[in-house]
Amino acid sequence: MDAIIQDLTRRGAGLLAWLRAWRGFGHFAAVAIVEALTPASYNNATRSVVQKQIYFTAWQILPTFTVFSAVLSFVLIQIVVDTARNYGFAQHALEASVRILVLEILPLLTALFVGLRSGAAINTEVALMVVHNEMKALEDTGVDPMRFEFIPRVIGGVISVLALTAVASAVALVLAYLAVYGFQAWSVHEYNRVMGNIFNLPVIAMLWAKVFAFGLAVTVIPISEGLAAPAGKLFFVPISVLRGMVRLFFVLMLVEVLSLVLKYI
């Protein structure tokens, strides 16, 4: 009986810790959005951090990411086009390719790419700052870490995800045209008609809302998880990064599933 009680107690403590972690994530996300929309948050220091975040998150990886997304898009488009033609649905090949790639796969791929490259690094950096009491040192000197360290990274991360998604989507749209119509310009009118049917105002709004949520997740979750690291315990940094990546993956999948439900159910 005592063993059962102890097991239930451990499970209850674990559930409470899990709920506190998600509550902390939600609180930090709300604060980050409010601060990002506050004009007083922007000065030379914060703009410099935003620019550096965009440089390291998006600009540095732009060539590699563009090539990777182009190759992936080309392969998937060819699969969809060939399958549609084999089953007699060639007229729907372009629309299917664009819906699968631009609306679903590429935004999620971009968020995962940025999360794995920059999210883990941000998580590690913040956790080390907490472990080494650098947060308290900044506060003692009158520097607000939220405004001058974290919010600029959130803004830079969101902008990076939006920009990389736009680049990957533009490349995919060009490749889709070439795969369906070939190297000629006579079918531009038909192509524009199909694109107009796909990208109506509600679809565009939902797409960029999803991408914005992705961009918020790949920065807010690593930062909030890093802030939860205990001071003075260096061994906890890898644990913090692992938890942050798991929670990030969960949130990205949740956002994607919710967007699918809103669009197709």
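This is a predicted model: local features need pLDDT of at least 70, side-chain atom pairs count only at pLDDT 80 or more; totals for chains, interfaces and linings use all residues.
Ile 77 belongs to helix H3, and, once neighbours within four places in sequence are left aside, its contacts are with Ser 97, Leu 101, Ala 172, Leu 175, Ala 176 and Ala 179. From Ile 77 to Arg 247 the separation is 170 residues in sequence and 31 Å in space, taken from C-alpha to C-alpha.

## Overall architecture

The secondary structure consists of nine helices and zero strands, which read along the sequence as α-α-α-α-α-α-α-α-α. The C-alpha trace spans about 65 × 60 × 30 Å along its principal axes, and of the 265 residues in the protein, 41% are buried.

Among the contacts with a separation of 6 or more, 85% are made by residues 24 or more positions apart.

## The nonpolar cores

The largest nonpolar core contains 63 residues, and within it Phe 28, Val 154, Val 220 and Leu 252 have the most contacts. At least two residues of this core come from each of helices H1 (2-36), H2 (44-59), H3 (62-86), H4 (93-131), H6 (145-181), H7 (188-198), H8 (201-227) and H9 (236-264), with H4 giving the most, namely 16 residues. Apart from this core lies another, made of five residues that include Ala 127, Val 131, Ala 229 and Val 237.

For Val 154, leaving aside neighbours within four places in sequence, the residues in contact are Phe 28, Ala 32, Leu 216, Thr 219, Val 220 and Ile 223; of the partners listed here, Phe 28 and Val 220 are also among the residues with the most contacts inside the largest core.

## Packing of H6 against H8

Two packed helices are described by the angle between their axes and by the distance between those axes. For H6 and H8, the axes come within 8 Å and cross at roughly 145 degrees, and the crossing in which H6 passes H8 is right-handed.

On the H6 side, the residues that meet H8 are Phe 150, Arg 153, Val 154, Gly 157, Val 158, Val 161, Leu 162, Thr 165 and Ala 166. Their counterparts in H8 are Trp 208, Val 211, Phe 212, Phe 214, Gly 215, Leu 216, Val 218, Thr 219, Val 220, Ile 223 and Leu 227.

The buried residues of H2 are Thr 46, Val 49, Val 50, Gln 53, Thr 57 and Ala 58. They lie on the same side of H2 because the arc that they cover around the axis is only 125 degrees. Among the elements covering these buried residues are H3, H4 and H6, whereas the face of H2 turned away from the buried side carries the exposed residues Asn 44, Gln 51, Lys 52 and Trp 59.

## Asn 123 in helix H4

Asn 123, which is found in helix H4, has a relative accessible area of 0% and is therefore buried. When residues up to four places away in sequence are not counted, Asn 123 touches Pro 222, Glu 225, Gly 226, Ser 240, Val 241 and Gly 244. Asn 123 and Ala 32 are 91 residues apart in sequence, and their C-alpha atoms are 16 Å apart in space.

Conventions:
Residues are numbered from 1 along each chain as its sequence is written. Side-chain values use heavy atoms; hydrogens and water are left out. A nonpolar core is a set of buried Ala, Val, Leu, Ile, Met, Phe, Trp, Tyr and Cys residues joined through side-chain atoms within 4.5 Å. Buried means under 20% relative accessible area, exposed over 50%, partly exposed in between (1.4 Å probe, protein chains only). Helices (H or I, at least four residues) and strands (E, at least two) are DSSP runs, numbered from the N terminus. Contact means heavy atoms within 4.5 Å. Axes are lines fitted to C-alpha atoms, for helices over the stretch in contact, and angles run from 0 to 180 degrees between N-to-C directions. A crossing is left-handed if the near helix is turned anticlockwise from the far one by less than a right angle, and right-handed if clockwise. The arc is that of the directions from the helix axis to the C-beta atoms.
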